[in-house]
Amino acid sequence: MDRLVSLYERMKKLRESGVRMKDISEETDIASSVLSSLYSSVLPMYVNLLSNGEEKEKALDKSLQQVNNVSKRKLLGCLDALYEKVHAIEPRLINSKNNGRPFLDDIEKEAINYLPNAGVYTGLYLAYSSSSFSNGLKVEPYMIASITDGDTMPKVYSQNMSGDYYTGVGLFSPFQIGYLMFNEQKRLQLALKVVYLQLPIIEYPTFLKGIYLTHDYNRNPIARRIIFIRQGDEISLDEFAKLRTEVIPKEKLTEEQLSYYHYTCEPGDVIKSMMLVSPEKNVDDLKREKDLLKLL
């Protein structure tokens, strides 16, 4: 059983060095989907359970329950051969086109390290936050997808008021920090939306909370509190495309939704900025801006 821990550590090193799951599959003659399930779900949970004092047999049984394409009999039957073949693979350095941008390289390398942490957050969510244009609660569908072969970061999806969904990337570190990053314009226009999440210590949480930064309809920066409530497992993109973002007026909120409203829509839960055209162009504009924002 200890070979499972060593196998996981070796696979992590290979992935960190830029070796694709497809490459490991070709070297081991095991389907990449099976290896992906082992790497992103079974092995990290097995290691985690062992560290919490679980017996090896029980830890493996619980870990295998997370997937449906890996059986205990087949895994143990090929474990020795898989172990030897994986340890025989020579790591290859990433020849990235971003060699001149170490910041982007570092993010991708760290993201590979964090891939095993993303599995516990996959699923469909409804996110609640303050509306930009009415005294209501904005409800947005979000989805965090499972890891697929070749991913360095999990794909995440969100819906806008127009019924279009956007694809972004997620990053879930083991330090209770998560990020969801989107470009809210599908065309060649940069409009970043970044959600900063506080990740709970418990596994498979039912809700997440954080703050997200975006722009209002006038392209002014805005930051809001946001709450993600898990609705269930991830769904197909065709089904996700049918979901819609909506704004529910305060007087029509349920008791549960009122709790979300009071957490996300009170004074101080939204920070705005606005562009002022001023002939003075001095620090007096800062006071003028705050005074105007109080009227909104």
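Is E57 buried, partly exposed or exposed? At 41% relative accessibility, E57 counts as partly exposed. The cut-offs explain the label, because buried means under 20% and exposed means over 50%. Keep in mind that this is a predicted model. Start with the whole protein.

The protein has 296 residues, and 41% of them count as buried. Its secondary structure consists of nine helices and ten strands. Along the principal axes, the C-alpha atoms fill a box of roughly 70 × 50 × 35 Å. Now look at the contacts in the protein between residues with a separation of 6 or more. Of these, 56% join residues 24 or more positions apart.

Next, go inside. The largest nonpolar core has 48 residues. Y142, L180 and F228 have the most contacts inside this core. Which element gives the core its largest share? Helix 3 does, with eight residues. There is also a second, separate core of ten residues. I248, Y260, Y261 and C265 are among them.

Turn to helix 2, which covers residues 21–28. Its buried residues are M21, D23, I24, S25 and T28. What covers them? The cover includes helix 1 (2–16), helix 3 and helix 5. Just after helix 2 comes D29, with a positive phi of about 60 degrees.

Take helix 3 as the next stop. The axes of helix 2 and helix 3 come within 9 Å and cross at roughly 115 degrees. This crossing is right-handed. From helix 2, the contact uses M21, I24, S25 and T28. From helix 3, it uses S32, L35, S36 and Y39. By class, the residues of this contact are four nonpolar, four polar and no charged.

Helix 3 runs over residues 32–51, and helix 4 over residues 56–64. Their axes come within 8 Å and cross at roughly 145 degrees. Helix 3 passes helix 4 in a right-handed crossing. On the helix 3 side, the residues are V42, M45, Y46, L49 and L50. On the helix 4 side, they are K56, A59, L60, K62, S63 and L64. This contact has eight nonpolar, one polar and two charged residues.

Charge leads to the next topic. Side chains of opposite charge can pair when their charged atoms come close. How many salt bridges does a search of the whole structure find? The search finds 13.

K62 forms a salt bridge with E54, and the closest N and O atoms are 3.0 Å apart. K62 is partly exposed, with a relative accessible area of 35%. E54 is partly exposed too, at 23%.

Now back to E57. Its side chain meets that of K72 in a salt bridge, at 2.7 Å from N to O. This pair links distant parts of the chain, with E57 in helix 4 and K72 in helix 5 (residues 72–88), 15 residues apart. K72 is partly exposed, with a relative accessible area of 27%.

K72 also pairs with D61. Their side chains meet in a salt bridge, at 3.1 Å from N to O. Here too, the pair links distant parts of the chain, with D61 in helix 4 and K72 in helix 5, eleven residues apart. D61 counts as partly exposed, at 33% relative accessibility. Elsewhere, R3, D80 and E84 are linked in a network of salt bridges.

Finish with Y121. Where does it lie? Y121 sits in the loop between helix 6 (102–118) and strand 1 (123–130). Is Y121 buried or exposed? Y121 counts as buried, because its relative accessibility is 6%. Leave aside its neighbours within four places in sequence, and Y121 is in contact with I144, F172, L199, P200, P205 and L208. Compare its position with that of E54, the partner of K62. Y121 and E54 are 67 residues apart in sequence. In space, they are 23 Å apart, C-alpha to C-alpha.

Conventions. Residues numbered from 1 in each chain as written. Predicted model: local features only at pLDDT ≥ 70, side-chain atom pairs only at ≥ 80, totals over all residues. Heavy atoms only, no water. Axes fitted to C-alpha atoms, helices over the stretch in contact; angles between N-to-C directions. Helix = DSSP H or I, 4+ residues; strand = E, 2+ residues; numbered from the N terminus. Left-handed = near helix turned anticlockwise from the far one by under 90°. Contact = heavy atoms within 4.5 Å. Nonpolar A, V, L, I, M, F, W, Y, C, P; charged D, E, K, R; others polar. Core = buried A, V, L, I, M, F, W, Y, C linked by side-chain atoms within 4.5 Å. Buried < 20%, exposed > 50% of the residue type's maximum accessible area, 1.4 Å probe, protein only. Salt bridge = Lys/Arg side-chain N within 4 Å of Asp/Glu carboxyl O.
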